[in-house]
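Please look over the sequence and the model first.

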Amino acid sequence: MFAKRLISAVVLLAAMVVIFAAGGYLLLGLCVIATLVGTYELLRAGHMEKSVPGYISYVSVIGFYLLLFFGRGDMVEGWIAAVVVLMLAAYVFTYPSYVIEQVSMCLLAVVYVGVLGSYLYQVRCLEYGNWFVWLILIGASGSDTFAYLVGRLWGKRHFSELSPNKTVEGCIGGVAGAVLLAGIYSFFLPEGASRMFDWNVNLAFPVIGMVCSVVSQIGDLAASAVKRNFKIKDYGDLIPGHGGVLDRIDSILFVAPLVYYLLYWFIG
């Protein structure tokens, strides 16, 4: 089991490094596929993957990425309004096939998976985004790795009922690890990227790493809470040893938009 998990992790990391570095349509395509699969996995947990509201979720996610593709960010508010209206219209015309909680979950899937996942691509599209996009991996995967190692070595105090293996020591280790990695990475930025920041970038990046680590761990626990709610262990079995796509991107979904807006805040 450990070998299978390790091999999958290495392959996934290598693929992500190549796609992050390439950016452009390749990264956009990855985001579309990953968020569509993640949306399906979330809806399947609630037995809504083949429902009318579920199909509206898939179309809505694709529609959102089409807005990004054509650079029509000005239409996002209208798109959100249209999705809400369509969901509620489906609820009306299929009544009493679904309850409002099921329709609400379909709407949540669009925003939680589709919209939040898109910020991976949006960060990469920023000026010097080819450098900034790695903050997402540092805040999610880097934090998770340090949390796991510190928790295994020194973890004693249990942190949350949502995750039996999480410890206070591990959580602190994850934050410290993300701060350390982000701080080290800041020294490798090109001069043009460093000059964009109102703050000293060697201070700004560790702060971003710290905040992202905290939010990353919340994202992981949020995904665990949903799985507990639906009484499932994993969202799927697409990735050997890791579960489904949503099991692997739950932290990224929280970290990517945070990196995007923190960069804007620090750059001014």
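## Basis

The model is predicted, and local features need pLDDT of at least 70, side-chain atom pairs count only at pLDDT 80 or more, and totals for chains, interfaces and linings use all residues. Residues are numbered from 1 along each chain as its sequence is written, and side-chain values use heavy atoms, with hydrogens and water left out.

Helices are DSSP runs (H or I, at least four residues) numbered from the N terminus.

## The cavity

A cavity is a set of points on a 1 Å grid over the protein atoms alone where a 1.4 Å probe fits but cannot get out, and its lining residues have an atom within 4 Å of a point. Grid points are joined across faces, edges and corners, and the volume is the space filled by probe spheres set on the points. There is one cavity of 30 Å³ or more, and the largest cavity has a volume of about 40 Å³.

Its lining consists of Ser143, Asp144, Ala147, Lys166, Ser216, Gln217, Asp220 and Ser251. By class these are one nonpolar, four polar and three charged residues (Ala, Val, Leu, Ile, Met, Phe, Trp, Tyr, Cys and Pro count as nonpolar, Asp, Glu, Lys and Arg as charged, and the others, Gly among them, as polar). Helix 7 (134-154) and helix 10 (201-230) each supply at least two residues of this lining.

## Helix 7 and helix 10

These helices pack at an angle of about 50°, with axes 8 Å apart; axes are lines fitted to C-alpha atoms over the stretch in contact, and angles run from 0 to 180 degrees between N-to-C directions. Helix 7 and helix 10 are therefore oblique to each other (under 35 degrees is roughly parallel, over 145 roughly antiparallel, 65 to 115 roughly perpendicular, and the rest oblique).

Contact (heavy atoms within 4.5 Å) involves Leu135, Gly139, Ala140 and Ser143 of helix 7 and Phe205, Ile208, Cys212, Ser213, Ser216 and Gln217 of helix 10. Five of the contact residues are nonpolar, five are polar and none is charged.

## Helix 2 and helix 5

Helix 2 (residues 24-45) and helix 5 (residues 100-124) pack at about 160°, with axes 9 Å apart. Helix 2 and helix 5 are therefore roughly antiparallel. Among the residues that meet are Gly24 and Leu27 in helix 2 and Tyr121 and Arg124 in helix 5. The contact has 12 nonpolar, six polar and one charged residues.

## Backbone details

The peptide bond from Tyr95 to Pro96 is cis, with omega near 10°, and Pro96 is in the loop between helix 4 (76-93) and helix 5. His47 is not a glycine but has a positive phi of about 60°; His47 lies in the loop between helix 2 and helix 3 (52-69).

Notes:
On a 1 Å grid over the protein atoms alone, a cavity is a set of points where a 1.4 Å probe fits but cannot get out, and a pocket is an open set with protein on both sides within 12 Å along at least five of seven lines; lining residues have an atom within 4 Å of a point.
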